[in-house]
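Subject: Structure handover

Hello,

Here is the structure we talked about. Please open it alongside this note, and then read on for what was found.

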Amino acid sequence: MELSTQNIHISHDMVSQKRFINFDLLRVAAMFGIVVLHCFSHGLYKHFEIYSGRAMWLSLSTCNFIVSEIVYEICHIAVNCYVMITGYFMITKSFKLSRLAVLWVEVLFYAVSLYAVLCWMGFQTFQVKELINAIFPITFKEYWFMTNYMGLLIFAPVLNVFVHHVSQSKYLLTLIGLGAISLTLLVKFPLGDTFGGGYGFLWFIFLYLVAGYVRLYAKTMNRYGRKAIVAAVITLTYHGLIAILSSLFHGTNITPFGFSYNGFVFFFSLYVFLWVRGLTIKENGLTRCLVKIAPYTLAVYLISDNAMVRKILWQKMFVWQGMLDDSLFMFKMLASSLTIFTICIGVDWCRKKIFELVGINRTVRLISEKIESVIKRAVVSFASS
């Protein structure tokens, strides 16, 4: 389909190879951030909290807590950035069933194979219900992110048709309206939590359209870094004050700050996204290496955040209870996350090689293309009748 904005925004369509490098690096960083995020949410924050009081603010555990909250906030932008990268590139692409099918096969492979391996190793007791969940991981939301993500890819053609048939001003008004029912900046305001919150499908649509607007209309500038820092400070300050005031009011311990994807973190995510977009990154050995592993990053999530694997990782292998006073606490946590990240990349590299040898993806693409062709012919025939 020809884009109505093609002649006006031709420079945005001709994205340079350097720009692809920028987003590949952001994709890698985002997925590593997701591993660290899960280290916090599934492991670390289940084991500690700190007491409010003047003496505690000078203790090493409090220093670790504060640094942890900063890292935790930074990692929270990872999910938003990952979805926005998809929107940035998909907004100008046509729908392909093969793209969806290959992704579905990858999700299915990891859900079923991980369940089988863990049952075989004795970490999991075989149950028919759990097997069915593994066979239908999208339907039964074995991965909340993938359920929303697959839905987004299915709905993307509708969003693209809308985007390329409205003016810039109407597009912007649509984003404002969606933002009102997607964002939650203060307690229950606006209406984001009412319509699914940061884990809802509507939030993914909003992120997709925001990234699409950036692709089609936003100018490339290098001044977003400072805005990202300001957004990060505002976000940390707001949630920190709420945690401290809540502690003082209820007379309880200070607990980890409650960041949310659809709160102030969104603006932090957006400015980081825009900043990375405008960077000029020189190629070197490190960047080339990171770009090569970018296609394998999704598997890091599929492996490490599998419900069964997650319990083993964060409740048996990496137990953080009592680690808050360790001077090497943050180094150990990041090193553990990097180890998990690297192993998962290696596993998916092996999977892709096996899939190439067996010809699984090639077969899936051929079948998908034939099915898509039949569906298109049926639609044309129905429309002309």
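This is a predicted model: local features need pLDDT of at least 70, side-chain atom pairs count only at pLDDT 80 or more; totals for chains, interfaces and linings use all residues.

Arg99 and its surroundings

Arg99 sits in helix α4, residues 97–121. Leaving aside neighbours within four places in sequence, Arg99 is in contact with Met90, Lys93 and Ser94. One of these contacts has a polar side to it. A polar atom of the Arg99 side chain lies 3.5 Å from the backbone oxygen of Ser94. Glu369 is 270 residues away from Arg99 along the chain. Even so, the C-alpha atoms of Arg99 and Glu369 are separated by 9.8 Å.

Glu372

Next, look at Glu372, in helix α15 (residues 360–384). Is Glu372 buried or exposed? Glu372 is buried, because its relative accessible area is 12% and the cut-off for buried is under 20%. The side chain of Glu372 reaches the backbone nitrogen of Leu97 at 3.1 Å. Glu372 also touches Phe95, Lys96 and Ser98, as well as Leu97, not counting residues up to four places away in sequence.

The nonpolar cores

In soluble globular proteins, nonpolar side chains tend to be buried together. Here the largest nonpolar core has 108 residues. Which of them touch the most other members? They are Tyr143, Phe145, Met146, Tyr171, Leu209 and Phe273. Helix α3, residues 60–90, gives this core its largest share, 15 residues.

Take Met146 from that list. Not counting residues up to four places away in sequence, Met146 touches Leu103, Val107, Ile138, Leu298, Tyr301 and Leu302. There is also a second, separate core of 5 residues. Val102, Val105, Phe355 and Val364 are among them.

Helix α8

Helix α8 runs over residues 201–216 and has 16 residues. From first C-alpha to last, α8 reaches 23 Å, close to the 22 Å expected at 1.5 Å a residue. The helix is mostly covered, with 15 of its 16 residues buried.

Aromatic rings

How many aromatic pairs are there? The count comes to 33. Two of the pairs are described here.

The rings of Tyr143 and Tyr301 have centres 5.6 Å apart and planes at 55 degrees, so this pair is tilted. The pair links distant parts of the chain, 158 residues apart. Tyr143 is in the loop between α5 (128–135) and α6 (144–163), while Tyr301 is in helix α12 (residues 297–304). Both Tyr143 and Tyr301 are buried.

For Phe145 and Tyr149, the ring centres are 5.4 Å apart and the planes are at 20 degrees, so this pair is stacked. Phe145 and Tyr149 both lie in helix α6, 4 residues apart, about one turn of the helix. Both Phe145 and Tyr149 are buried.

Ring pairs also build a cluster. Its members are Tyr82, Tyr143, Trp144, Phe145, Tyr149, Tyr199, Phe204, Tyr261 and Tyr301.

Arginines over rings

Arg215 lies over the face of Tyr88, at 5.1 Å from the ring centre. Arg351 lies over the face of Phe355, at 4.7 Å from the ring centre. Phe355 has come up already, as a member of the second core.

Best wishes

Key
Residues are numbered from 1 along each chain as its sequence is written. Side-chain values use heavy atoms; hydrogens and water are left out. A nonpolar core is a set of buried Ala, Val, Leu, Ile, Met, Phe, Trp, Tyr and Cys residues joined through side-chain atoms within 4.5 Å. Buried means under 20% relative accessible area, exposed over 50%, partly exposed in between (1.4 Å probe, protein chains only). Helices (H or I, at least four residues) and strands (E, at least two) are DSSP runs, numbered from the N terminus. Contact means heavy atoms within 4.5 Å. A polar contact is a pair of N or O atoms within 3.5 Å; within protein, one must be able to donate a hydrogen and the other to accept it, and residues adjacent in sequence count only if both atoms are side-chain atoms. The expected span of a helix is 1.5 Å times one less than its number of residues. Rings of Phe, Tyr and Trp (its six-membered ring) pair if their centres lie within 6.5 Å; planes under 30 degrees apart count as stacked, over 60 as edge-to-face and the rest as tilted. A charge sits over a ring if NZ of Lys or CZ of Arg is within 6 Å of the ring centre and within 35 degrees of the ring normal.
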